[in-house]
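Hi everyone, thanks for making time.

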Amino acid sequence: MKKCPKCGKEVMDNINVCTACGAKITESKVKVEKKEAAPAYGVITGVLAIAGIYLIANVWSLLGALVYFVGFGMALSEIKRDKDFSDKNFGDFAKKSFKKQNILKKGIPAIVVVIMPLVVAYGIYGWIILDSVRTAQHITDLIM
Ligand SMILES: [Zn+2]
């Protein structure tokens, strides 16, 4: 069922003229907006990204990379949902994302997606250098 925009009476989905008042019911008026995630969703992507970077730096690079990529996947799926997002008008998308009311919902996911190459580079560095140092430290601790 959809609602007549003029009188509010519910009419069948396949009918384009209101049965009560005769008003035309155009598809654009009744079309359901593409569902966007709540601002909390954007915050979660940011928290996962920060947690991932923290884990790479301090605990275990592979675990950190995994946590970051969960956040990255969530952020990317949210960004792809936006109709302004495409390679051509990424600038417009970015501008819109950082408007006040959109920062949590789109700004954070945009950052999480954009910094991905840096985090991958840091993760590889962590995997080769940091994890080796940590492993060596563990072994030293066990022996001492
Ligand atoms: Zn009507």
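I'll start with the overall layout, then go to the metal site, and finish with one of the helices.

Quick housekeeping: this is a predicted model, so local features need pLDDT of at least 70 and side-chain atom pairs count only at pLDDT 80 or more, while totals for chains, interfaces and linings use all residues. Residues are numbered from 1 along each chain as its sequence is written, and side-chain values use heavy atoms, with hydrogens and water left out.

Okay, layout. The protein chain has 6 helices and 2 strands; these are DSSP runs numbered from the N terminus, with helices being H or I of at least four residues and strands being E of at least two. Going from the N terminus, the order is β-β-α-α-α-α-α-α. The radius of gyration is 24 Å, well over the 15 Å that the globule rule gives for 144 residues, so the protein chain is more spread out than a compact globule. That radius is taken over C-alpha atoms, and the rule is 2.2 Å times the number of residues to the power 0.38.

There are two domains, domain 1 (1–31) and domain 2 (39–143), with bounds from an automatic or database domain assignment. Their centres, over C-alpha atoms, are separated by 45 Å.

Now, which residues hold the zinc ion? Cys4, Cys7, Cys18 and Cys21 do, each through SG, at 2.2 to 2.4 Å. Donors here are N, O and S atoms within 2.8 Å of the metal (3.2 Å for Na, K and Ca), and since water is not among the atoms, sites may look incomplete. The spacing of the donor residues in sequence is C-x2-C-x10-C-x2-C. Cysteine 7 sits in the loop between β1 (2–3) and β2 (10–11), and cysteine 18 in the loop between β2 and α1 (27–30), so this pair ties together parts 11 residues apart in sequence.

Are those two cysteines buried or exposed? Cysteine 7 is partly exposed at 40% relative accessibility, whereas cysteine 18 is buried at 4%. The cut-offs are under 20% for buried, over 50% for exposed and partly exposed in between, with a 1.4 Å probe and protein chains only.

Last stop, helix α5 (residues 103–114). Its buried residues include Lys105 and Lys106, along with Gly107, Pro109, Ala110 and Val112. Among the elements covering the buried residues of α5 are α2 (39–58), α3 (61–80), α4 (90–97) and α6 (116–143).

How values were computed
Contact = heavy atoms within 4.5 Å.
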